[in-house]
Amino acid sequence: MAVPFSLSRRGTLKLAATLAGALVADSLLPAIAADDPDLAEIKALKPGTYVWYPERSPDGFVAIVVNLSDQLCFVYRNGVRIGASTVSTGKDGHETPTGVFTILGKDVDHHSSLYNDASMPYTERLTWSGVALHAGGLPGYPSSHGCVHLPLAFSKLVFGITHLGTPVIIADRHSAPEDVLHPGLIMSEGLEQQLATSATGEGAPQDATAAPEPVSMVVSRADSSITVLKGAQTAVQGPVSIRDPQNPLGNLVYVLMSKDGAAPRWSAVSYEGNGVVAGLAQDALARISVDPSINKQVAALVTPGTTLFLTDLPAHPGTRSDGGFVVMAQKVTS
């Protein structure tokens, strides 16, 4: 089955895969551990209900994970889960794509241009072709035309803490975020001071119009390359060295955190989707090194909230289409 990695020229990252067959009934890489104190409460959620604990991490950068297998959405701030909700994703023939996305646009009172002007409150656009997070119907099973439906009150809460560039991971299963202690990629000498001066206030900007252009990076093991996007533009491209290049990196998403004067760190989420396996966050980042000249260019762009995506899929120019998206495909065994 072809699994295309798409890098939008308008600034979104995704590893888009068409879901085949029925959804997996049991999550093999659960989002909540057996000893998690919230396990019972989250598993007991009925369609249209949610839990919300913003006091657990009052500020910081946000990452959202939608678990297709369990029809649940998890919200993490500064690596801490602050909310979980039931969702309804795409039905047969309109499946929600799996992968890594960034929020491209926000609209409190959006109406569909495709489905009879249907109201889609608190829309957060993930693709220019129409996939988004928004308030919608929640019958307890996949029922949308590809979007991720959230409870109305929950969608309002999420809308209030995200900004353009916030990462959204849509997966069959995922791990909870973990701090990566090894500095790894682009954590060169002097970068900590640079990040401290580039940070603005406590955590991410809440006003989407005031948010800086998001910086997103993708490292491809297949090509030994790094591509850096700032907003809609490719800012840096170059080679990387990957230790033990024959072994997969897996699917990994990192968000760069910097808070209260502490040293910057990566908060990592590993995920599985459509036969593509998760990676080991600490090990994968430690395997990557960048030429000093490329590292200097990358470090000049990186700010807290930067998203880094590691993939085993190709990303070199020879695999790209000429359309609105740059599409790179690789056969995988499901």
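Leaving aside residues up to four places away in sequence, Leu310 touches Val219, Leu249, Gly250, Asn251, Leu252, Tyr254, Ala284, Leu285 and Ile288, where a contact means heavy atoms within 4.5 Å. A second, separate core, of 21 residues, includes Ile64, Val148, Val158 and Val168. The largest nonpolar core has 26 residues, and Tyr254 and Leu310 are those with the most contacts inside it; such a core is a set of buried Ala, Val, Leu, Ile, Met, Phe, Trp, Tyr and Cys residues joined through side-chain atoms within 4.5 Å.

This is a predicted model, in which local features need pLDDT of at least 70 and side-chain atom pairs count only at pLDDT 80 or more, while totals for chains, interfaces and linings use all residues. Residues are numbered from 1 along each chain as its sequence is written, and side-chain values use heavy atoms, with hydrogens and water left out.

Asn295 lies in helix 5, which spans residues 292–301, and it counts as buried because its relative accessible area is 11%, the cut-off for buried being under 20%, with exposed over 50% and partly exposed in between (1.4 Å probe, protein chains only). Its C-alpha atom is separated by 9.6 Å from that of Val240, although Asn295 and Val240 are 55 residues apart along the chain.

Taken as a whole, the protein chain has five helices and 22 strands, these being DSSP runs numbered from the N terminus (helices H or I, at least four residues; strands E, at least two). Of its 334 residues, 54% are buried, and among contacts between residues at least 6 apart in sequence, 69% join residues at least 24 apart.
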